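Reader: I have not looked at this structure before. Please take me through some of its local features, one question at a time.

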Amino acid sequence: MIDLRQFRYFVQIVESGSLAKASRQLSIVQPALSQQIAKLEEDIGRPLLVRSSRGVTPTPNGTALYHHAKFVLRQVDQAVVIARKEKSALSGCVKLGLAPTTNCQLGLPLMRHIRQCMPGVSINVIEGMSVHLQHMAQIGELDLAILFHPKAASEMEFEPLLEEDLFVILPADSPLVPPMKKSLSLEEIASLPLIVPSTDRGLRRCITAEFSHANVPLNAVAEIDSLPLLMRCLADGMGVTIKPMAAIHSWREPEYWRVLPIADAQMKRTSLLYSLPEKKLSPCASVVRDELYLLIRELIGSGSWQGARLLGPEPAFVQSPHLEADEVN
């Protein structure tokens, strides 16, 4: 039976890089520590550490366990904090950066949740394009942020959070697409007046790459980076766009919009949950971070956040330089 003590021992060994250093940090003799890790490997049924003259490094299974063990231990420690001090008694200000499409899906449910569960916590939600939010994160002006690039803020930690499909969006009564159409091919989209973000945006690069790969010309009639303006232009009959489904919550009722899958391409956006390192993250921001994840899981699980999937079973925060991906905003 695995216990939390083994998790703490294992995490300390990985972070120390050697059994000797970990034994000193944990104030436990090295043979006893080795015995606990051997038992952990036996219980899991996989080798977790590679031992060499230079110390120890985690195996791929060990790396996966390390990240999830870190999350479990943080949750346990946070549970103790909450047990000693009710969420309703927490107080402080937490600065959260959200891109427009993320904010229009998540912002209101989050504010309701925080007001209800943690009335003493003040959430400062800062909406902006990802480039602006990345700059704020890099200079330490944000506690938390949901961004789309794995190297957005090297001084922060991140966790792959969710993945969203991209769809063709237009008004439900638009004559541009016949009512019987259930999806559109890239060639069919190319024949429509398409409104897209400007060329330096990650979402535009994603769209351009898919059209280029299919050898289909992309002829945009307009480039708009303002989500409210874009949706108003669609409502005015100017064209269609390609966005995550969350965009339909930005203006008018969701029923006003028609959302069509792309038949011959898989366009996706990956969202990453960034936070300050544990040593710099306030207890209040730490609780909000975990509540944010749980709320997102609830929204996706209930079907309120359509076209989205969680990435991983639980968050396990890692240092930002280690994951490669393209920015999509």
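Loops, packing and ring pairs

Author: Arginine 252 lies in the loop between β9 (240–244) and β10 (257–260). This is a predicted model.

Reader: What is the phi of arginine 252?
Author: Arginine 252 is not a glycine, yet its phi is positive. The value is about 65°.

Reader: Is arginine 252 buried, partly exposed or exposed?
Author: Its relative accessibility is 44%. Buried needs a value under 20% and exposed a value over 50%. Arginine 252 therefore counts as partly exposed.

Reader: Which loop holds asparagine 215, and is asparagine 215 buried or exposed?
Author: Asparagine 215 sits in the loop between α8 (202–213) and β8 (220–223). Its phi is positive, near 60°, in a residue other than glycine. Exposed means over 50%. At 69% relative accessibility, asparagine 215 is exposed.

Reader: How are helix α1 and helix α3 oriented to each other, parallel or perpendicular?
Author: The axes of α1 (residues 4–16) and α3 (residues 30–44) come within 10 Å and cross at roughly 110°. Angles of 65 to 115 degrees count as roughly perpendicular. The two helices, α1 and α3, are therefore roughly perpendicular.

Reader: Which residues of α1 and α3 meet, and how many of them are nonpolar?
Author: From α1 come Arg5, Gln6, Tyr9, Phe10 and Ile13, and these meet Leu33, Gln36, Ile37, Lys39, Leu40 and Asp43 of α3. By class, the contact of α1 with α3 has 3 charged residues, 2 polar and, as the number asked for, 6 nonpolar.

Reader: Where is serine 198, and what does its side chain make a polar contact with?
Author: Serine 198 is in the loop between β7 (194–196) and α8. At 13% relative accessibility, serine 198 counts as buried. Leaving aside neighbours within four places in sequence, it is in contact with Arg204, Glu223 and Asp225. The polar contact, at 2.7 Å, is with the side chain of aspartate 225.

Reader: Is valine 196 buried or exposed, and what is the separation of its C-alpha atom from that of glutamate 223?
Author: Valine 196 lies in strand β7 and is buried, with a relative accessible area of 1%. Not counting residues up to four places away in sequence, it touches Arg204, Ile207, Ala220, Ala222, Glu223 and Ile224. Valine 196 and glutamate 223 are 27 residues apart along the chain, and their C-alpha atoms are separated by 5.0 Å.

Reader: How many aromatic pairs are there?
Author: Ring centres must lie within 6.5 Å to pair. By this rule the count is 2.

Reader: Is the pair of phenylalanine 158 and tyrosine 274 stacked, tilted or edge-to-face?
Author: The ring centres of phenylalanine 158 and tyrosine 274 are 5.4 Å apart, and the planes are at 40°. Stacked pairs have planes under 30 degrees apart and edge-to-face pairs over 60. The pair of phenylalanine 158 and tyrosine 274 is therefore tilted.

Reader: Which strands does this pair link, and how many residues apart are its members?
Author: Phenylalanine 158 is in strand β6 (residues 157–171) and tyrosine 274 is in strand β11 (residues 268–275). Phenylalanine 158 is buried at 1% relative accessibility, and tyrosine 274 is buried at 0%. The pair links distant parts of the chain, its members being 116 residues apart.

Reader: What is the arrangement of tyrosine 256 and tryptophan 257?
Author: Tryptophan 257 counts as buried, at 6% relative accessibility. The ring centres of tyrosine 256 and tryptophan 257 are 4.9 Å apart, and the planes are at 85°, so the pair is edge-to-face.

How values were computed
Residues are numbered from 1 along each chain as its sequence is written. This is a predicted model: local features need pLDDT of at least 70, side-chain atom pairs count only at pLDDT 80 or more; totals for chains, interfaces and linings use all residues. Side-chain values use heavy atoms; hydrogens and water are left out. Helices (H or I, at least four residues) and strands (E, at least two) are DSSP runs, numbered from the N terminus. Buried means under 20% relative accessible area, exposed over 50%, partly exposed in between (1.4 Å probe, protein chains only). Axes are lines fitted to C-alpha atoms, for helices over the stretch in contact, and angles run from 0 to 180 degrees between N-to-C directions. Angles under 35 degrees count as roughly parallel, over 145 as roughly antiparallel, 65 to 115 as roughly perpendicular and the rest as oblique. Contact means heavy atoms within 4.5 Å. Ala, Val, Leu, Ile, Met, Phe, Trp, Tyr, Cys and Pro count as nonpolar, Asp, Glu, Lys and Arg as charged, and the others, Gly among them, as polar. A polar contact is a pair of N or O atoms within 3.5 Å; within protein, one must be able to donate a hydrogen and the other to accept it, and residues adjacent in sequence count only if both atoms are side-chain atoms. Rings of Phe, Tyr and Trp (its six-membered ring) pair if their centres lie within 6.5 Å; planes under 30 degrees apart count as stacked, over 60 as edge-to-face and the rest as tilted.
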